[in-house]
2 protein chains.
Amino acid sequence: MTTIKDVAKKAGVAVSTASLAINHSSRVSKETAKKVLDAAAELHYQKNGWARDLKMKKTQIIGVVLHDLSGSFYAPIIKGIEETLHSYGYGLIACSTAGENLGTAERFLRERRVDGVIVFSADIKNETLFDVCRAHFPLVVLDREISHANLYSVTVDNLQGGVLAAEHLINHGHTSIGYISGPSNNWDSQLRSKGFTECLSQNGLSVPSKWHIKGDYSQRGGYQAARLLLQQEQLPSGLFVSNDQMAIGVLEAFAEAGVSVPDQVSLIGFDDIELARYIRPSLTTVKQPKYEMGATAAHQIIQHLQGSPSKEHTMLTTEVIQRQSTAKLD
Amino acid sequence: MTTIKDVAKKAGVAVSTASLAINHSSRVSKETAKKVLDAAAELHYQKNGWARDLKMKKTQIIGVVLHDLSGSFYAPIIKGIEETLHSYGYGLIACSTAGENLGTAERFLRERRVDGVIVFSADIKNETLFDVCRAHFPLVVLDREISHANLYSVTVDNLQGGVLAAEHLINHGHTSIGYISGPSNNWDSQLRSKGFTECLSQNGLSVPSKWHIKGDYSQRGGYQAARLLLQQEQLPSGLFVSNDQMAIGVLEAFAEAGVSVPDQVSLIGFDDIELARYIRPSLTTVKQPKYEMGATAAHQIIQHLQGSPSKEHTMLTTEVIQRQSTAKLD
DNA sequence: CTGTTAGCGCGTTCAT
DNA sequence: ATGAACGCGCTAACAG
């Protein structure tokens, strides 16, 4: 390991001078600077980030903790975070919590390797968050309602999303309505349910229990839920599936069973993942503003870092993206 | 910022004792350990990773530099890397080079914030790689042929992949063959072309220039290339599109023009991205072993770190995944 | 079992 | 314009 000491020696100057030269300070003469830079190049000198960070107490890097680095759902969120951070001169590094592997993520949160962290993973418990958040170390949590000092949160109005799904089916003339819900211990899922069923009942409608199946947010779960639905004597004409991943499984099961979407049943999903556009029939869905979520989170981190106050909680709205999988009932 | 010093003072012990206690050394008595841990909890003490790394000269973390953190193409690769690293007790952090934003990536490479780096991004130039690779800092480059001390590479046999694509079309009875190639300055793309055209000519076939369109590996580029193809009087019966992203664009353009796949033209792509299974018609394609690429890269890094030698270059093979977009010509 | 001391590599006073 | 000395927070050698 060649250090700045070696460079200084080779250039025949003091360490401090070498440091100044390498960091392009104007306080050093052109000639000495050149000498130092040449020596550095010759010795293949590379700064030691650890030492630098320790001294400077900042990195200009924000950490992002995701459940799954490779999930397509996260893509637009990351993009939103990245572009925003970049515009402020910050970089981003990401790690995942998949596979019970909390090690790296917790080290991010606890050991202050970055200037702040954005968390989007249910694997990190609230207590952990409370435990690690400190002054001068901003934390933004996505998709979770939580309140604490130095802790910001960005959520999506899942309740309103559920309402939109119900309204969409109602406006398309559907009165026999089915529902494949998400995991009941899931916060998002509960709110989507609440919005959906309440809006239905305000319109004098409800989901009969034979048409209400519980799913697990996975594609496979959606497939299985649809199989259950298909065993009923009759199918609803409108169906809300509480996330797109499951909706894709439902579409598969329906295709296998020869049930035509949207002719026999109109299907509306939730999330608007990338696949929703490409699957056939393409999927009508309640869109989460993913890019915006990322951008908002990044803004909050930066504002905190720059000492300007910012709202502790931000809630974003959803909208329906009409595609092929829903149609008017005549 | 509360440091280990504060904890030691509060617990009434020396800093070193506090350190031992916090790191669960057996060399410290139960009582003192409890005193220290209690003090730490009370003061909300969190280790400072920067200082620790500086001292330990290692992090047990591997960095991954990707062109695009949110590209679905990378998903299985990351998974392969992650699972392998995890099995060795290493963690992973990732950053991207998208948007001309090399800052973070270069800092990873230069400033030794991690124990080793896996690079999968054409944005990082060879010279940079040569410049930053040093002893005890293993670098693995994916999808690039490169040779240097402390530098490992993992590639996919694109040449063979091109051959497979040609063979597939030939075996399905196609003799009028079109080709939408990738960017000509791209190394992968060149090899795919070479394998494809050479195999064709060995079978007495070739791609007439009217049916050879150059694309740019983007979906939009594929769409445009297909429009160009559609302007010809006649369409080939078999078409090789040199990546799936473009193939999806081609499928769109064909669907718009009422050209049926595979009845009128058989289409084979390259990569086997996730979407290939879901799009309709589903896409026959030459699969890159992405998970394996990631796993191999991770193994090489770890082996180097553990002092065991390993092959400097590994080349993986491709295979054809038959789906709906190609059919036998009768 | 515990305290003292040293130093990791860097950036930054404060002198000269 | 340049150099000597210091300290960031931590771990590890060596004493006691």
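Which side chains meet in a salt bridge at 2.6 Å, N to O? In this predicted model, they are the side chains of Asp53(A) and Arg113(B). One partner belongs to chain A and the other to chain B. Side chains of opposite charge can pair when their charged atoms come close. The count between chain A and chain B is two salt bridges. Polar contacts across this interface were also counted. The rule finds 16 residue pairs in polar contact between chain A and chain B, with both residues at pLDDT 80 or more.

Several elements build the side of chain A that touches chain B. Those giving two or more residues include helix H4 (49-56), helix H5 (75-87) and strand S2 (91-96) of chain A. Helix H6 (103-110) and helix H7 (126-132) of chain A also belong to this list. So do helix H11 (244-257) and helix H12 (275-278) of chain A. S2(A) gives the most to this side, with six residues.

The extent of the interface was computed next. The size of an interface is often given as the accessible area lost when the parts come together. Here chain A and chain B bury about 4,700 Å² between them. Carbon and sulfur atoms account for 57% of that area. Three residues stand out on chain A: Gln46(A), Trp50(A) and Tyr278(A). Together they supply 18% of the area that chain A buries against chain B, more than any other three residues. In terms of contacts, 49 residues of chain A touch 49 residues of chain B.

The relation between the two chains was then examined. Two copies of a chain are related by a rotation about an axis and a shift along it. Chain A can be laid on chain B by a turn of 180 degrees and a shift of 0.1 Å along the axis. The same surface serves both copies, since 100% of the contact residues of chain A recur in chain B.

Within chain A, six strands form an open sheet. Their order is S7-S6-S8-S9-S10-S12, and the pairing is mixed. Strand S7 (212-214) and strand S12 (319-321) of chain A stand at the edges. Each has a single partner strand, so one side of each is left without a neighbour in the sheet. From one strand to the next, the twist averages 20 degrees. Strand S6 (residues 177-181) of chain A pairs with S7(A) in the parallel sense, over three bridges. Ser181(A) has Lys214(A) as its bridge partner in S7(A).

H9(A) lies across S6, strand S8 (238-241) and S9 of chain A. H9(A) runs at about 170 degrees to S6(A). H11(A) touches S6, S8, S9 and strand S10 (284-287) of chain A. The direction of H11(A) makes about 155 degrees with that of S9(A).

Salt bridges were also counted over all chains, and the total is 22. One of them joins the side chains of Arg192(A) and Asp271(A), at 3.5 Å, N to O. Arg192(A) lies in helix H9 (residues 187-202) of chain A, and Asp271(A) lies in strand S9 (residues 266-271) of chain A. The pair therefore ties together parts that are 79 residues apart in sequence.

Chain B also holds an open sheet of six strands with mixed pairing, in the order S7-S6-S8-S9-S10-S12. Its edge strands are S7 (212-214) and S12 (319-321) of chain B, each pairing on one side only. Strand S8 (residues 238-241) and strand S9 (residues 266-271) of chain B run parallel and are joined by three bridges. In S9(B), Ile268(B) is the bridge partner of Phe240(B). Helix H10 (residues 219-230) of chain B lies across strand S6 (177-181), S7 and S8 of chain B. H10(B) runs at about 150 degrees to S7(B).

Some backbone features remain. Most residues other than glycine have a negative phi, and most peptide bonds are trans. A cis peptide bond joins Val261(A) and Pro262(A), with omega at about 5 degrees. Pro262(A) sits in the loop between H11 and S9 of chain A. In chain B, a cis peptide bond joins Val261(B) and Pro262(B), again with omega at about 5 degrees. Gln60(A) is not a glycine, yet its phi is positive, at about 60 degrees. Gln60(A) lies in the loop between H4 and strand S1 (61-66) of chain A.

Terms used
Residues are numbered from 1 along each chain as its sequence is written. Chains are lettered from A and ligands numbered from 1 in the order in which they are written. This is a predicted model: local features need pLDDT of at least 70, side-chain atom pairs count only at pLDDT 80 or more; totals for chains, interfaces and linings use all residues. Side-chain values use heavy atoms; hydrogens and water are left out. Two strands pair if DSSP finds at least two bridges between them. Helices (H or I, at least four residues) and strands (E, at least two) are DSSP runs, numbered from the N terminus. Contact means heavy atoms within 4.5 Å. Axes are lines fitted to C-alpha atoms, for helices over the stretch in contact, and angles run from 0 to 180 degrees between N-to-C directions. Copies are superposed by least squares on the C-alpha atoms of residues with pLDDT of at least 70 in both. Buried area is the accessible area (1.4 Å probe) that two parts lose on being put together, summed over both. A salt bridge is a side-chain nitrogen of Lys or Arg within 4 Å of a carboxyl oxygen of Asp or Glu. A polar contact is a pair of N or O atoms within 3.5 Å; within protein, one must be able to donate a hydrogen and the other to accept it, and residues adjacent in sequence count only if both atoms are side-chain atoms.
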